[in-house]
Amino acid sequence: MKIALLGYGRMGKEIEKIALQRGHEIVIRYSGEEEYNINDADVAIDFSIPTVAYDNITNCLNNNVPVVSGTTGWLDKYDEVIELCNTNKGAFIYASNFSLGVNIFFELNKQLAKMMKSLDQYNTTIEEIHHTKKLDAPSGTAITLAEGIIENSSKGSWTLDGNSENNNIPITAVRTPEVPGTHTISYDSVVDSIDIKHTAHNRQGFALGAVVAAEWLVDKTGVFSMADVLNLG
């Protein structure tokens, strides 16, 4: 499989290692300035930055190249991408986190939210910890976790560094050097606490998941998620 890496920072280089180990070829390494022809690739993996992700993705979809995106911070244009993908009968996967373990954690989070739905004595909070170079806050993963709780409980919204008033889920974003990513969901009452946590030890898990998603997406048509890739539905 010929892969275009749209974004050749730390994640792009980690994806390259995993892809080569799995027998694939990297035909495009785009870090923001290079000229390239996206049609040289069978599939593209976008781990760029928010300001260019939309252009990267639409370029792929306009040229019938399946694209996997893990860039966060551009989702105000997500609906436009979905419409373009469907119009062009393309193939697209966006995930806030491609780690196989995190996507299992997403499902666990939803199930716990269902069980806690009627227990009003518990306050729900989310904490995410990432490296200091992460550009967005809260993380896309934290937002996905919050949305999973909202879909399966009586919670109405999330708020960054706020409180639990007005049925909000407060998200705390912490930035610490050299932390790949830790996410904790807490349910606290006056008598006890329930916590579930996912801790990434390195970026290899994110890279592997992105490559697995790209392998799965080739020759498909539609908009998909990691739940589809891992058959978690």
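**Charged residues, buried and exposed**

Let me begin with Lys155, which lies in the loop between α5 (140-151) and β7 (157-160). Please bear in mind throughout that this is a predicted model. Which side chain of opposite charge is nearest to Lys155? That side chain is Asp120, and it is 7.3 Å away. A salt bridge requires a side-chain nitrogen within 4 Å of a carboxyl oxygen; Lys155 has no such bridge, although it is buried. As for its surroundings, leaving aside neighbours within four places in sequence, Lys155 is in contact with Thr124, Ile149, Ile150, Asn167, Asn168 and Ile169.

I turn now to the salt bridges. How many does a search of the whole structure find? The search finds 4, and I shall describe several of them.

One joins Arg22 to Glu215, with the closest N and O atoms 2.9 Å apart. This pair links distant parts of the chain: Arg22 is in the loop between α1 (10-21) and β2 (25-30), Glu215 is in helix α6 (residues 204-217), and 193 residues separate them. Arg22 is partly exposed, its relative accessible area being 40%. Glu215 is also classed as partly exposed, at 27%.

Another salt bridge brings together the side chains of Glu128 and Arg175, whose closest N and O atoms are 2.8 Å apart. Here, too, distant parts of the chain are linked, with Glu128 in strand β6 (residues 123-130) and Arg175 in strand β8 (residues 168-175), 47 residues apart. Is Glu128 buried or exposed? With a relative accessible area of 0%, Glu128 is buried.

Lys110 and Glu107 meet at 3.6 Å, N to O. Both residues belong to helix α4 (residues 100-116), where they are 3 residues apart, about one turn of the helix. Each counts as partly exposed, Lys110 at 26% relative accessibility and Glu107 at 23%.

Finally, let us look at the surface. Which residues gather there in a patch of negative charge? They are Asp76, Asp79, Glu80 and Glu83. Asp76 is found in the loop between β4 (67-69) and α3 (78-88). Asp76 is exposed, because its relative accessible area is 68% and the cut-off for exposed is over 50%.

Thank you for your attention.

How values were computed:
Residues are numbered from 1 along each chain as its sequence is written. This is a predicted model: local features need pLDDT of at least 70, side-chain atom pairs count only at pLDDT 80 or more; totals for chains, interfaces and linings use all residues. Side-chain values use heavy atoms; hydrogens and water are left out. Helices (H or I, at least four residues) and strands (E, at least two) are DSSP runs, numbered from the N terminus. Buried means under 20% relative accessible area, exposed over 50%, partly exposed in between (1.4 Å probe, protein chains only). Lys and Arg count as positive and Asp and Glu as negative; His and the chain ends are not counted. Contact means heavy atoms within 4.5 Å. Patches are made of residues with over 30% relative accessible area and no salt bridge: like charges are joined within 9 Å, nonpolar side chains (Val, Leu, Ile, Met, Phe, Trp, Tyr) within 5 Å. Accessible areas come from the Shrake-Rupley method with a 1.4 Å probe; for residues, only the protein chains shown count as cover. The place of a charge is taken as NZ of Lys, CZ of Arg, CG of Asp or CD of Glu.
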